[in-house]
Amino acid sequence: MTNHTRRRAKHGVMNRMSRWSYALLLLMLVTFTFYSLPTFFGEQPSIGLHGQAALSDAQARALAERHIAPRLVIADADRLELVFASQDEQQGAKQVLDALGASTTLEFHANAPAWLKALDAAPIKLGLDLRGGSQLLIAVDTDFVLERQSSNLVDSLRAALREARLRGAQVQRDGLDQVVVTLPAGEPAASYLAVVRHELGQGQWQLTRGDGRLILTLSAKERSELINNAVSQNQKILQKRINELGIVEAAVQRQGQGAIRIELPGVHNPKQAKEVLGATASLAFYEVVPEGSFKVADRSGRPIALARKPVLTGEHIVDARASMGESGQPQVGIVLDGAGGSVMSRFSRQHVGKPMASLFTEYKSNGEGKLKAHSEVINVATIQTALGSQFRITGLASMSEAQDLAMLLRAGALTAPLKILEERSIGPTLGMQNIEAGFSALAFGMAGMALFMILWYRKFGWVAITALVANLLMQVGMLALLPGAVLTLPGIAGLVLTVGMAVDTHVLIFERIKDRLREGGSLANAIDFGYRSAFRTIFDANITTLISAVILYSVGSGPLQGFSITLILGLLSSMITGIWGTRAIINPLWGQSSLKLSRV
């Protein structure tokens, strides 16, 4: 008897796992297998209609005229879901229903049984390369953010110098992030310097002096923070706009320092999405001053003199709804927040009988590809009575324009203009081909490895196959449970890779068992030796790969993250099933065998 066998005999029976180990392993396997089931049932494209429990006669006729018939209609109290055979029918039905004024969303109906859905089990969300759809890469105009910050400082300094009765100084913006204050000749600089320092804030601007000038430069930290905040805020606003469009599975992710990547699954004609997402439109309300120098043309080309500062900006708008007025003209009903309502109420009480203008501003690309502001007065109305937090604006050209403006106001104005850098579309047919190719590779890989394991390791090979199937079910279940996770084509490649790595785990263990059998040990002793000696090698190899996968996820984006997620989950499940799972099967069958075999 070897020393190791004597120690085993002293401390307990060889090759025995505790009951809690079996219970925990069974719980994990059952849980992840359960949540993987909806994925294997698949999905079908569908449309959600909100605020109605049945199709109207007009909607049914319009769909029939286009030869579009839903395969399944699911009615709820205030919601209707139409399930279609293909994404082409889904897209066509959405166009028809939207034209009739319905509130629709693009969705995918899970084919899983109702009892699975009742327990919140849902299929894995598929990425753009598998689902089909459109991808937009949008750049945020970070120069605009810096220019606006510098311009705000210029306005603040001019106002502060006027208030302090200091004349003669010239305040101008120099470049994107620099402001220059030119002091009047012969005047002491101390009083000007005190006012400037008071307006600078805490560490946002760096002050230098020279040749009768005060040079204010935006600090590197503040510059980086401004850009980061602008991109983050635009990302949130774009997500709101996508929700307003009725696209429920869209992904909005930051890419690099100043870009945002948007994936729109199931959207194969992104024309409307591009127009809405890229629109940098804002609405502000101005007092009309007949003798003012700040003039903006209205839609007829007539210049309207406005006050320099707006009474209220669009950031106080909490809701906006388009409708037809009593005269049959399109209008937008505005609802303000508490602070905005107070400002509007106070201003309107003080200016009853005077005009107020609604100024619409939109950024568009010029011939050089740069974004320029285009402003126009869309409405001038005389204040008849004190306004509150709700009022209406008119002067819009069409109902479509009113609906677009209302949607943009609800989602919020972008903090910086956007420019679409890249647009890619993947058809539903190509998406299905990617799915078939990916899972065919996985199936052939599994079959090849199963054949090898059975031929080479015989009865232990069957154990390995069972562990491989459990490993795959656990990966799919974990991916379905992970919030925000999507399965992409690189993700399928990660599944295939981790299945192969799981086979490596079994090969290491089984070869160590064969080595001990060749040395004359019993089968029980060889099993104990095989798992114990291979564990350190398996653990070290998987940990180093896991570290690489985590780094790849943190620095990568899109496809790289999809690959790294499945790789991380696959490494965890392969260690559980390869070491713990196979031993839970082998121990009761051969863990106490005293047979001395030449091979397993």
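Me: What makes P310 or F391 a residue that F285 touches?
Reply: Touching here is a contact, meaning heavy atoms within 4.5 Å. In this predicted model, F285 meets P310, V311, L312, M344, M356, A357, S358, F391 and I393 that way, leaving aside residues up to four places away in sequence. As for ground rules, local features need pLDDT of at least 70, side-chain atom pairs count only at pLDDT 80 or more, and totals for chains, interfaces and linings use all residues. Residues are numbered from 1 along each chain as its sequence is written, and side-chain values use heavy atoms, with hydrogens and water left out.

Me: Why is F285 called buried?
Reply: Buried means under 20% relative accessible area, exposed means over 50%, and partly exposed is in between (1.4 Å probe, protein chains only). F285 comes out at 0%, so buried it is. F285 sits in strand β13, residues 281-287; strands are DSSP runs of E, at least two residues, and helices are runs of H or I, at least four, both numbered from the N terminus.

Me: How do you know that the length of helix α4 agrees with its residue count?
Reply: The expected span is 1.5 Å times one less than the number of residues. With 13 residues (87-99), α4 should span 18 Å, and its end C-alpha atoms are 18 Å apart, so the two agree. Just after α4, G101 has a positive phi of about 85°.

Me: What makes F460 and F510 a tilted pair?
Reply: Rings of Phe, Tyr and Trp (its six-membered ring) pair if their centres lie within 6.5 Å; planes under 30 degrees apart are stacked, over 60 edge-to-face, and the rest tilted. That rule gives nine aromatic pairs. In this one the centres are 5.3 Å apart and the planes at 55°, so F460 and F510 are tilted. The pair bridges helix α14 (residues 459-481) and helix α15 (residues 489-518), 50 residues apart. F460 is buried because its relative accessible area is 0%, and F510 is buried at 1%.

Me: Why is the pair F535 and F539 called stacked?
Reply: Their ring centres are 5.8 Å apart and their planes at 25°, so they count as stacked. They're four residues apart in helix α16, which means about one helical turn between them. F535 is partly exposed at 39%, and so is F539 at 34%.

Me: What makes R516 a charge over the ring of F529?
Reply: The test asks for NZ of Lys or CZ of Arg within 6 Å of the ring centre and within 35 degrees of the ring normal. The charged end of R516 sits over F529's ring, 3.9 Å from its centre.
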